[in-house]
Amino acid sequence: QVQLVESGGGLVQAGGSLRLSCAASGTVFSINDMSWYRQTPGKQRELVAGTTRGGSTNYADSAKGRFTISRDNAKNTVYLQMNSLKPEDTAVYYCFARMWFPGSSGYQNYWGQGTQVTVSS
């Protein structure tokens, strides 16, 4: 069974940096899009950054210029480098991937368990 395993969250002061990692474990055949989302209590989960298998990227306006998404296809891993962190970046960050398996009708959506990022002022 495939799982997305996240790491790298924690507590950091405003202006600091964190690097999140998300690795797909288990028997992986093909991963298409990989993305990072975040969610705060009472709010909908929102896209932070995404990347395609070919390396194209997109960012939320709040992340542009501060965050960088990258992936290592050989390791089935996606990263999110977060710099110049602000208190409003505090949230649970979730990894998302669309994966294909033999016998499936198409790509399926997978979510990680979430990792807490807290930015103190």
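1. A salt bridge here means a side-chain nitrogen of Lys or Arg within 4 Å of a carboxyl oxygen of Asp or Glu. Please keep in mind that the model is predicted. E46 and R38 form such a bridge, with their closest N and O atoms 2.8 Å apart. E46 is partly exposed at 38% relative accessibility, whereas R38 is buried, with a relative accessible area of 7%.

2. A search of the whole structure gives four salt bridges. One of them pairs D89 with R66, the closest N and O atoms being 2.7 Å apart. D89 sits in the loop between β8 and β9 and R66 in the loop between β6 and β7, so this pair ties together parts that are 23 residues apart in sequence. Both D89 and R66 are buried. A network of salt bridges links R38, E46, R66 and D89.

3. K64 and D61 also form a salt bridge, their closest N and O atoms lying 3.2 Å apart. Here K64 is exposed at 51% relative accessibility, and D61 is exposed at 65%.

4. Now to the cysteines: the whole structure holds one disulfide. C22 and C95 form it, with sulfur atoms 2.1 Å apart. C22 belongs to strand β3 and C95 to strand β9, 73 residues apart. The S-S torsion is about -80°, so the disulfide is left-handed. Both C22 and C95 are buried.

5. A polar atom of the T77 side chain lies 2.8 Å from the backbone oxygen of K75.

Key. Residues are numbered from 1 along each chain as its sequence is written. This is a predicted model: local features need pLDDT of at least 70, side-chain atom pairs count only at pLDDT 80 or more; totals for chains, interfaces and linings use all residues. Side-chain values use heavy atoms; hydrogens and water are left out. A disulfide is a pair of cysteine sulfur atoms within 2.5 Å. Helices (H or I, at least four residues) and strands (E, at least two) are DSSP runs, numbered from the N terminus. Buried means under 20% relative accessible area, exposed over 50%, partly exposed in between (1.4 Å probe, protein chains only). A polar contact is a pair of N or O atoms within 3.5 Å; within protein, one must be able to donate a hydrogen and the other to accept it, and residues adjacent in sequence count only if both atoms are side-chain atoms.
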